[in-house]
Amino acid sequence: MGNPDEDLKIVRLALPAGDEDIGRLETGSVVYLTGTVYTAREGVYQKVLGEGHALPVDLRSLSQANFHCSPAAAAQPDGRYKVGAVTATASFRFSRWMDRWLKLTGTRIVIGKGGMPHEDYGKVMVPNGAVYLTTVGYGTGALLGRGIRRVREVHWLDELGIAQALWIFEVEDFGPFIVESDVRGNSLFHQHGEAINARIDALYAGLKPPALHRYGETDDRKREVM
Amino acid sequence: MTIAIERIEAAAYEIMCRAAIDIPPDYRRGIAEMRARETGKLARFVLHAMAENWEAASADRRPMCADTGLPRYYVKVGNEARVETGFVGVERVLRQATARATRDVPLRPNRVHPLWRTEHGNNVGINAPEIDWSFEPGADWVDITTVHKGGLFGTDYRMLFPGDGVDGIKRFVLDGLIAFGKRGLACQPAILGIGLGGSKDTCMQLGKQAACLRIVGDRHPDPGIAALELELQALGNAIGMGAMGFVGSSMVVDCHIEVGHTHTGGMPVSMHTFCLASRRATARIHADGAVEYRSDPQWFTPYLRRETTEWETRTRT
């Protein structure tokens, strides 16, 4: 994909990637992946980590990239799968599973929407040597769909449904993604959030607060709600 | 003349496909203009990637976004329109078209039971897809619009009071845009829909319809409300946040407000954000069975916004 506006750094990464390649990823760089990527989200995490089921496939030897997504896919009469579009879902909801999941599977690249809660980078991602790639705009489903060369395997499809099943994709020039956090735990969203926070008080200046307050809310707009 | 039910099913199937694949031209133009003005480098890159994504979706005939959202329908029935099966038959074929498009496009089956998480794998279930009905005097056609809107982030409701005034509305809008805009949870730049007044449920419904059923560039006929729409849009874009919550200037591609007369003591407000995959498509099925497709739902007619007791009616006898 071209980028006529800017000279953002573009990295084409072959999977599995070595420590050195993963370590070189810088926040704000644009990444395209070629290799094997799998999907797992709350359905798979709950089944494996919550209920103690064994993984149906040895992810450690197969893929190091966990995509928080569900494909728009349909079974074809020949038994293969037509994958139309692929879009990430918000990763912060999976925070409570990630440490055990990374340790269990050896996953080094987490791909999704919106990044992890900020404290997770230091506590979970950095100790496990994992980086986070965010999808772009969260709606580039057609571009990502183009990058999927074939469905290698799908597990727990009947049980969990299309959205929650464990899909294993062979991908080529799969992207674009943006590096949200690097191996040192620097976070692009955090940097940008801080810059935006600096202006928030001025936005509310002069606007009187509503007569009726709401329970249970933070009134600090500099905090995230996740 | 009586409309054959097959025409309705075929049109509903076609708009399900078009909505999922082809971004409406008004939204595409609005984003192109925002991109030209966008001050943030990363935010600008995101808008560039989205434009490429829409081109890829149309060229490949694949969905622009894999999150189907909650596909649903808005039906406007001309007062003179007759359908061979009656309107229960229309509801039946709208469900059938949803299931058929889910398999063929394919769309992700998103709809599950809220407690048991069970599904039929076809985006059909209890109260799904939703069908909102409205009527139009002096017409013999049926308009069917489908909207595929994401369902998780970017919506809120609050009971404000008359004394809270426009300040209260602005704070509410800022709260929602900042909370859901961070990290781009709302998938902005969005069409911001504001519901003002009514009862709580109409307030939500009006805001949702304002976001999903009016096109970018459309202004409310009441000049005071039109001015507030532009003011809230400018407020959203002054936050300093762009696509994905990166530093930038593109938060709200347009703002639409719809109002309903409300309790004398209250000023309920709702907000809804229609995202970077603002998916909508409309078909008009004429009395002779001819079908026309368009991307402007033309939902808010003068009749829908009527304020008086009487309205001219004309029915065939």
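**Entry 1: a helix in chain A.** I note at the outset that this is a predicted model. I began at helix 7 of chain A, which covers residues 157–164, and found A:Leu157, A:Gly161, A:Ile162, A:Ala163 and A:Gln164 to be buried there. I then asked which elements the buried residues of helix 7 of chain A pack against. They pack against helix 2 (42–50), and also against strand 4 (69–75), strand 5 (81–88), strand 8 (148–155) and strand 9 of chain A.

**Entry 2: A:Thr134.** Is A:Thr134 buried or exposed? I found a relative accessible area of 0%, and because the cut-off for buried is under 20%, A:Thr134 counts as buried. The residue sits in strand 7 of chain A, residues 131–135. Leaving aside residues up to four places away in sequence, A:Thr134 touches A:Gly112, A:Lys113, A:Gly114, A:Phe177, A:Ile178, A:Glu180 and A:Phe189, and from the other chain B:Met244.

**Entry 3: chain A as a whole.** I counted nine helices and nine strands in chain A. Its radius of gyration is 19 Å, which agrees with the value near 17 Å that a compact globule of 226 residues would have, and its C-alpha trace spans about 65 × 45 × 35 Å along the principal axes. Of the 226 residues, 57% count as buried, while the accessible surface comes to about 9,600 Å², with 48% of that belonging to carbon and sulfur atoms. Taking the contacts between residues at least 6 apart in sequence, I noted that 66% join residues at least 24 apart.

**Entry 4: the annotated span of chain A.** In the UniProt record, an unreviewed entry, I found the feature "domain: Fe-S hydro-lyase tartrate dehydratase beta-type catalytic" at residues 8–191 of chain A. That span is 31% helix and 36% strand, and its end C-alpha atoms lie 17 Å apart.

**Entry 5: chain B as a whole.** Chain B has seven helices and 11 strands. Its radius of gyration is 20 Å, close to the 20 Å that the globule rule gives for 317 residues, so chain B is as compact as a globular protein of that length. Its C-alpha trace spans about 55 × 50 × 40 Å along the principal axes, and 61% of its 317 residues are buried. Among contacts with a separation of 6 or more, those between residues 24 or more positions apart account for 82%. The chain exposes about 12,200 Å², of which carbon and sulfur atoms supply 54%. I also noted 38 positive and 38 negative side chains in chain B, with the centres of the two sets 5 Å apart.

**Entry 6: the annotated span of chain B.** Here the UniProt annotation, again from an unreviewed entry, reads "domain: Fe-S hydro-lyase tartrate dehydratase alpha-type catalytic" and covers residues 11–283 of chain B. The end C-alpha atoms of that span lie 6 Å apart, and 40% of it is helix and 22% strand.

**Entry 7: backbone details in chain B.** Where does B:Pro106 lie? I placed it in the loop between helix 4 (87–104) and strand 4 (131–136) of chain B, and the peptide bond from B:Val105 to B:Pro106 is cis, with omega near -10 degrees. B:Asn123 is found in the loop between helix 4 and strand 4 as well; its phi is near 65 degrees, a positive value in a residue other than glycine, and at 1% relative accessibility it counts as buried. B:Arg183, in the loop between helix 5 (165–181) and strand 7 (190–197) of chain B, has a phi near 60 degrees, likewise positive in a residue other than glycine. At 3% relative accessibility, B:Arg183 counts as buried. I wrote down these two phi values because most residues other than glycine have a negative phi.

Technical notes: Residues are numbered from 1 along each chain as its sequence is written. Chains are lettered from A and ligands numbered from 1 in the order in which they are written. This is a predicted model: local features need pLDDT of at least 70, side-chain atom pairs count only at pLDDT 80 or more; totals for chains, interfaces and linings use all residues. Side-chain values use heavy atoms; hydrogens and water are left out. Helices (H or I, at least four residues) and strands (E, at least two) are DSSP runs, numbered from the N terminus. The radius of gyration is taken over C-alpha atoms; the globule rule is 2.2 Å times the number of residues to the power 0.38. Buried means under 20% relative accessible area, exposed over 50%, partly exposed in between (1.4 Å probe, protein chains only). Contact means heavy atoms within 4.5 Å. Accessible areas come from the Shrake-Rupley method with a 1.4 Å probe; for residues, only the protein chains shown count as cover. UniProt positions are given in the numbering used here, feature names are shortened, and annotations may be inferred rather than shown by experiment. Lys and Arg count as positive and Asp and Glu as negative; His and the chain ends are not counted. The place of a charge is taken as NZ of Lys, CZ of Arg, CG of Asp or CD of Glu.
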